[in-house]
Amino acid sequence: MKKMKPWLLYALMATIFWGVWGAFASLPSKNGFPDTLNYCVWALTMIVPSIYVLKLNNWKLQFDRKSIYKGLIIGILGAGGQMILFYVVTIGPTYLIFPIISLSPVVTILLSVLFLKERVRKLGAIGIVLALLALPLFEYSNGPDTDMGENGILWFILTISILIAWGVQAYFMKLANQSMNAESIFFYMMISGIMLIPIALLLTDFKKDINWGLHGPYLASLIQIMNSIGALCLVYAFRYGKAIVVSPMTNAGAPLMTSIISMILLGIVPGKYKVLGIAFAILAAFLLALEPEEKDQ
């Protein structure tokens, strides 16, 4: 562990927290706690790790214009994409939405190569390709129902917007790490998430029965704090690593963790496409871990 590269350590931590979070994220909704309120809980749980890391950094918050600008861009792109997703899954086929969104690292990679001049060697390049191939396979469905529905064009456009938002967010996260400390970046991510809470509340149908008990907001809090800690680890991963490597690795690793946990807890036997995706993700994570760092990292 002492010799582990910092970016790899934080990327693995983000993968683990997000993987566990993904396996249990749907429980509050199944218990009658709306997804929009789940968002509100997540935004509030971001406060805890944000205050913790600021304290570790002696409360040194960067509040110059450029830092605020970059921090809010990162936060709004991430939280805004999540808000749009709440609506998209109600009008479109989820088995197509999530494979499309999972390709967001492509945007990050293109921007990183074009503007940050990042490069990877052969092993890293193979790992990236395998990771990108693995992502859609996790949610692949070859069932007979392929109807796009009456909102086909709308859901597709909105899904593409989420893909772009999260891909650009990862790029700006890496860009911001060149001039900002991770604690400030995460603080503005937290602020952005809270800023969008009123929108989530407006989208919530309070006329329906809502579970306000232990299996509602309290369970959501325990689950969403893992999401928040994972996001914090991702910020540090981007500080020490290359976006072109970190983004595909975390995007492949977290679904892998979720799949494994779900299979163990639910006794699910995955189809051949998901098995192939798992195999690609394992190999991709291994190759990305072997990717050598540049001297300036």
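**A tour of the helices**

Start by selecting tryptophan 59, which sits in the loop between helix 4 and helix 5. (Helices here are DSSP runs of H or I, at least four residues, and strands are E runs of at least two, numbered from the N terminus.) The model is predicted: local features need pLDDT of at least 70 and side-chain atom pairs pLDDT 80 or more, while totals for chains, interfaces and linings use all residues. Residues are numbered from 1 along each chain as its sequence is written, and side-chain values use heavy atoms, without hydrogens and water.

**The loop**

Tryptophan 59 has a phi near 60°, a positive value in a residue that is not glycine. Its relative accessibility is 53%, so tryptophan 59 counts as exposed (over 50% relative accessible area; buried is under 20%, partly exposed in between; 1.4 Å probe, protein chains only).

Now select asparagine 58. This residue belongs to the loop that runs between helix 4 (47-56) and helix 5 (65-91). Asparagine 58 has a positive phi too, about 60°, although it is not a glycine. With 59% relative accessibility, asparagine 58 is exposed.

**The whole chain**

Zoom out and colour by secondary structure. The protein has 14 helices and 0 strands. Of its 297 residues, 49% are buried. Take the contacts (heavy atoms within 4.5 Å) between residues at least 6 apart in sequence: 90% of them join residues at least 24 apart.

**Helix 1 against helix 12**

Select residues 6-24, which form helix 1, together with helix 12. Their axes are 8 Å apart and the packing angle is about 160°. (Axes are lines fitted to C-alpha atoms over the stretch in contact, and angles run from 0 to 180 degrees between N-to-C directions.) Helix 1 is therefore roughly antiparallel to helix 12 (over 145 degrees; under 35 is roughly parallel, 65 to 115 roughly perpendicular, the rest oblique).

Show side chains at this contact. On helix 1 the contact residues include Trp7, Tyr10, Phe17, Trp18, Trp21 and Phe24. On helix 12 they include Ile223, Met226, Ile229, Leu234, Ala237 and Tyr240. By class, the residues of this contact divide into 20 nonpolar, 3 polar and no charged. (Ala, Val, Leu, Ile, Met, Phe, Trp, Tyr, Cys and Pro are nonpolar, Asp, Glu, Lys and Arg charged, the others, Gly among them, polar.)

**Helix 10 against helix 12**

Ala182, Glu183, Ile185, Phe186 and Met189 in helix 10 touch Ser228, Ala231, Leu232, Val235, Tyr236 and Arg239 in helix 12. This contact of helix 10 with helix 12 contains 8 nonpolar, 1 polar and 2 charged residues.

Now colour helix 10 by accessibility. Of its 14 residues, 11 are buried, so helix 10 is largely enclosed by the rest of the structure. Among the buried residues are Glu183, Ser184, Phe187, Tyr188, Met190, Ser192 and Gly193.

**Last stop: helix 14**

Select tyrosine 273, which lies in helix 14 (residues 272-290). Tyrosine 273 has a relative accessible area of 29%, so it is partly exposed.
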